[in-house]
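Please read the following briefing beside the sequence and the coordinates.

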Amino acid sequence: MEIFLIRLLQFILAISLLVLLHEGGHFFFSKLFGVRVEKFYLFFDVSVGKWTGSLFKFKPKNSDTQYGIGWLPLGGYCKISGMIDESFDTEQMKQPAQPWEFRTKPAWQRLFIMIGGVLVNFLLALFIYAMVLFTWGDQYVSTKDMTLGMKFNQEAKELGFQDHDILIGTEKGAFKEWGADMFRDLAEAKRADIIRNGKAMSIELPGDLNLLGMIKSTPKFAMPFTPARVDSVMPGSPAAKAGLQQGDRILAINGTAVDSWNECQQELGRLADMMTTAESSADSLRIRTATVVFAHHADGLADSLLLAKADTATVVFSSDLTMGIYVPTFLSLYEPTKVEYSFLESLPAGVKYGWNMLEGYVGDLKYLFSSDGAKSLGGFGAIGSMFPSTWNWHAFWLMTAFLSIILAFMNILPIPALDGGHVLFLIYEMVTGKKPSETFLIRAEYFGFGLVLLLMVVANLNDILRWLGYM
């Protein structure tokens, strides 16, 4: 429950900040061009009976704008006079046009009002990335420095990769670190450069690997090879009761030889699949009772000597199939690369970082139109789970910047009800000199709102199905 609350608070804080600044962009340009803003709300104040739906509201003296917080936490809005928006205030549109209304302003001014939110979100993301680099710098473990190499799945091995290959790069350039960018390059590459047994060599690739499949497969296409060494043991845990100690090597689980934590996780995954069919506590106990072969402090010994020194213990895993063992981390295995930035250096570096994130996100959207991509669509639960389980300001700001980029891009899509839909109609008006009719705009707004609502339902339904174990 504590982890859930920490993630929930981070999610609410990030979304509230992004929505306020997004709507603030619309507000700024509206005021700049003399357009009246009737309401400025965080969250939606959907009315229920006689209740206006506002948790909090106030209207400053001599101001045309009511500020408030609604009860429905699905974003926020800025109600601009004389504009067809999500408020669907058609009665106002039937009245004579007033000089302070959106509809009476020149098209170029209305265009700036509509892109104001997207502009603020995009610039905010770049600024956050810059300040993160200025404050914390950039720390990562380069793939070329991972001397233990990677653990590859069967698909990768069929292409020619072998366990412990050190990934260097592709014809596109060198890899920075293990992550999404590395997988994107491998998916589109015709050649992968590696080091195998101390020798540089290349592997031919098809150039059209399924990126989503590479990442979602179990095991993944490539994972950093992590030796099956015990970094530390939690007191009173199943591992401690079985006699495992810091520095021990795990050699087999339930008769299946393992040479890495990667393979240990695969075996635990098999047990997790079996747990879904357990019909009683006795069945659960039987599945959780495993035979573990391990060797005490035997790093560096040949396999034959490891086996000679091996011990066998019966380990009763906890209900969530953990042993109470801490795994070696990147920082314990490798020396990370650390790059520091001055304030002036952080600005272009932040722009480059943010632009790279945007390119990667936009490039990955093509997978959304596949069956696996549609299943990967996530709602509020999926977004919230991306925040760290402990309060970490570095991770929080990185996630907030990423969400700001997503919010900017999604809002500029040419879908009615989104900013991009309004921009599309304004560009049409500026090019042709003809303004779409109010009847058309109202119908388009209803269509776009319904489409957005449908996507939200699908995304959040996916979250529920994943939580129930159906996906």
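Is Asp165 buried or exposed? Asp165 is buried, because its relative accessible area is 1%, where buried means under 20% relative accessible area, exposed over 50% and partly exposed in between, computed with a 1.4 Å probe and protein chains only. This is a predicted model, in which local features need pLDDT of at least 70 and side-chain atom pairs count only at pLDDT 80 or more, while totals for chains, interfaces and linings use all residues. Residues are numbered from 1 along each chain as its sequence is written, and side-chain values use heavy atoms, with hydrogens and water left out.

**Overall description**

- The protein has 17 helices and 18 strands, these being DSSP runs numbered from the N terminus (helices are H or I with at least four residues, strands are E with at least two).
- The C-alpha trace spans about 90 × 55 × 40 Å along its principal axes, and buried residues make up 42% of the 471 residues.
- The accessible surface comes to about 25,100 Å², of which 63% belongs to carbon and sulfur atoms; accessible areas come from the Shrake-Rupley method with a 1.4 Å probe, and for residues only the protein chains shown count as cover.
- Among contacts between residues at least 6 apart in sequence, 67% join residues at least 24 apart, a contact being heavy atoms within 4.5 Å.

- Strand β7 (residues 166-170) runs antiparallel to strand β9 (residues 191-196) and is joined to it by four bridges; Leu167 stands opposite Ile194 in β9.
- Not counting residues up to four places away in sequence, Leu167 touches Thr143, Lys144, Met150, Phe152, Phe161, Phe175, Met182, Leu186, Asp193 and Ile194.

**Nonpolar cores**

- The largest nonpolar core has 25 residues, and those with the most contacts inside it are Phe152, Phe161, Leu167, Leu186, Leu205, Met214 and Phe221; such a core is a set of buried Ala, Val, Leu, Ile, Met, Phe, Trp, Tyr and Cys residues joined through side-chain atoms within 4.5 Å.
- At least two residues of this core are supplied by each of β6 (150-152), α5 (180-188), β9 and α6 (211-216), and the largest share, four residues, comes from α5.
- A second, separate core of 22 residues includes Ile250, Val258, Cys264 and Ala290.

**Leu244 and its surroundings**

- Leu244 is placed in the loop between α7 (238-241) and β13 (249-253), and it is buried, with a relative accessible area of 5%.
- Not counting residues up to four places away in sequence, Leu244 touches Val230, Val233, Ala239, Ile250, Phe294 and Ile325.

**A nonpolar surface patch**

- Val46, Val48, Leu55, Phe56, Phe58, Ile69 and Trp71 form a nonpolar patch on the surface, with about 620 Å² of accessible area together; patches are made of residues with over 30% relative accessible area and no salt bridge, like charges being joined within 9 Å and nonpolar side chains (Val, Leu, Ile, Met, Phe, Trp, Tyr) within 5 Å.
- Strand β2 (residues 54-58) provides the largest share of the patch, three residues, whereas Ile69 lies in strand β3 (residues 66-70).

**Salt bridges**

- A search of the whole structure finds 18 salt bridges, each being a side-chain nitrogen of Lys or Arg within 4 Å of a carboxyl oxygen of Asp or Glu.
- Arg196 forms a salt bridge with Asp165, the closest N and O atoms being 2.8 Å apart.
- This pair links distant parts of the chain, with Arg196 in strand β9 and Asp165 in the loop between α4 (154-159) and β7, 31 residues apart.
- Arg196 counts as buried because its relative accessibility is 15%.
- The side chains of Lys144 and Asp145 meet in a salt bridge (3.4 Å, N to O); Lys144 counts as exposed at 51% relative accessibility, and Asp145 as partly exposed at 28%.
- In helix α8 (residues 261-275), Arg270 and Glu267 lie three residues apart, about one turn of the helix, and their side chains meet in a salt bridge (2.2 Å, N to O).
- Arg270 counts as partly exposed at 45% relative accessibility, while Glu267 counts as buried at 11%.
- Salt bridges that share partners join Lys151, Lys157, Asp163, Asp259 and Glu263 into one network.

Key:
Pairing = 2+ DSSP bridges.
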